[in-house]
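Here is a friendly walk through one structure. Have a look at it first, and then we can go through some of its parts together.

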Amino acid sequence: MRLFLREQRPLIFVYVAQLLVITLIYRLAGFRNMEISLYAGMVSGCLLIGYLVFRYVANRPFYKRLEQPFVSADPQGEPFSGGSSQTPLAEALQQVLRNQFRQYSTELHNYKHRIESHLQFINQWAHQMKTPVSVMHLILQKKDDPDSMAIGDELDRLKKGLELMLHTARLDTFEHDFYVESLSLEQVVRSAASEQKRLFIRRRIFPAVDIQTGLSVTSDEKWLSFVLSQLMTNAVRYTPGEQGKVFFHGCRRGTDVILEIRDEGIGIPPGDLPRVFEPYFTGENGRRYQESTGMGLYLVQQICGKLGHGLDIQSSPGKGTTVTITFRGP
């Protein structure tokens, strides 16, 4: 109703103005009969009110739809479904909106198809690249000279980059690529640490695992292993010097299982801590360590959220960082 009155406000203003002007002209011409003037004004006002009522009744579904917020598109391409107006202006506007909506839907479908094709290409390419990387690893296992070890380190970085690419591409279709089961927390942690043994050996950093016996968690082993590998990589990367340790502590707290991953690294500046889970944010430490991509902790947070695990990070500059994963109980 308010939208209708706002639209008809100029018409009402012009009507009142012309009524006053005509009355003034008649008075200047010597016509002094006030009763007839009031009668003519009332008849004219009734005609105006009748016209406005007709316009409102004819366009009421149209105005009500305009006043409602847009929630979702009609699957049949009808952005103004839920009522039809009989006025030519409303019908013409609805037809324009239908045409625009159909064009928008077609373009959106084309873009979605392109994105899906691009993601499929990325997945296929990354899988194809993993095969030669694995073959080169097998070849280098028989050699222990400095050059071979340097090549092996670069292959490790390449493998981690491919894994990061694959998991980033799969994140949007997470629900199609996970399997929840009961896992031994200690076994998963030790397995993930074993996968990163070259990284620990290269930096001479020792993983210290202290997990209560018999702790089991409900999660997806593949995605959880990726989360742990990212956290281990960060812990080792930001630990200067050698002979350091990365501590893994697991315990039960009420119905929840807690896993803490603590390093002895450089820590995170307080100004960067609130933004570490933002994509592509590297912060002050990322400028000092050029290998940082800004995607590791972002993926960790996204995966933990989709798996239903809690995630918290605490850090003190110069003292290290502690990442806590909470496996919520039933």
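Tyr 280 sits in the loop between strand 5 and helix 8 (283-288); helices (H or I, at least four residues) and strands (E, at least two) are DSSP runs, numbered from the N terminus. Its phi is near 65°, a positive value in a residue other than glycine. Is Tyr 280 buried or exposed? With a relative accessible area of 63%, Tyr 280 is exposed. Here buried means under 20% relative accessible area, exposed means over 50%, and partly exposed is in between (1.4 Å probe, protein chains only).

Before going on, keep in mind that this is a predicted model: local features need pLDDT of at least 70, side-chain atom pairs count only at pLDDT 80 or more, and totals for chains, interfaces and linings use all residues. Residues are numbered from 1 along each chain as its sequence is written, and side-chain values use heavy atoms, with hydrogens and water left out.

Arg 204 is another residue to look at in a loop, this time between helix 6 (197-203) and strand 2. Arg 204 is not a glycine, yet it has a positive phi of about 55°. Its relative accessible area is 51%, so Arg 204 is exposed.

Now for the sheet. In what order do the strands of the open sheet come? There are 5 of them, in the order 2-4-5-7-6, and the pairing is mixed; two strands pair if DSSP finds at least two bridges between them. Strand 2 (206-211) and strand 6 (310-316) stand at the edges with a single partner strand each, so one side of each has no neighbour in the sheet. From one strand to the next, the twist averages 15°. Axes are lines fitted to C-alpha atoms, for helices over the stretch in contact, and angles run from 0 to 180 degrees between N-to-C directions.

Strand 2 pairs with strand 4 (residues 245-253) in the parallel sense, over 6 bridges.

Gly 310 has Thr 326 as its bridge partner in strand 7. These two strands form a hairpin with 3 residues between them, and Gly 318 in the turn has a positive phi of about 85°.

Next come the charged pairs. Side chains of opposite charge can pair when their charged atoms come close. How many salt bridges does the structure hold? There are 4, a salt bridge being a side-chain nitrogen of Lys or Arg within 4 Å of a carboxyl oxygen of Asp or Glu. The table includes some of them.

| Salt bridge | N to O distance |
|---|---|
| Arg 198 and Asp 156 | 2.7 Å |
| Arg 190 and Glu 186 | 3.1 Å |
| Glu 278 and Arg 275 | 3.1 Å |

Arg 198 is in helix 6 and Asp 156 in helix 4 (residues 146-170), so this pair ties together parts that are 42 residues apart in sequence. Arg 198 is partly exposed at 32% relative accessibility, whereas Asp 156 is buried at 9%.

Arg 190 and Glu 186 are both in helix 5, 4 residues apart, which means about one helical turn separates them. Arg 190 is partly exposed at 43%, and Glu 186 is partly exposed at 26%. In the remaining row of the table, Glu 278 has a relative accessible area of 33% and Arg 275 has 39%.

Gln 230 is in helix 7 (residues 221-237) and counts as buried, at 12% relative accessibility. Leaving aside residues up to four places away in sequence, Gln 230 touches Leu 164, Gly 296 and Val 300. Gln 302 belongs to helix 9 (residues 296-307) and is partly exposed, at 27%.

Conventions. Contact means heavy atoms within 4.5 Å.
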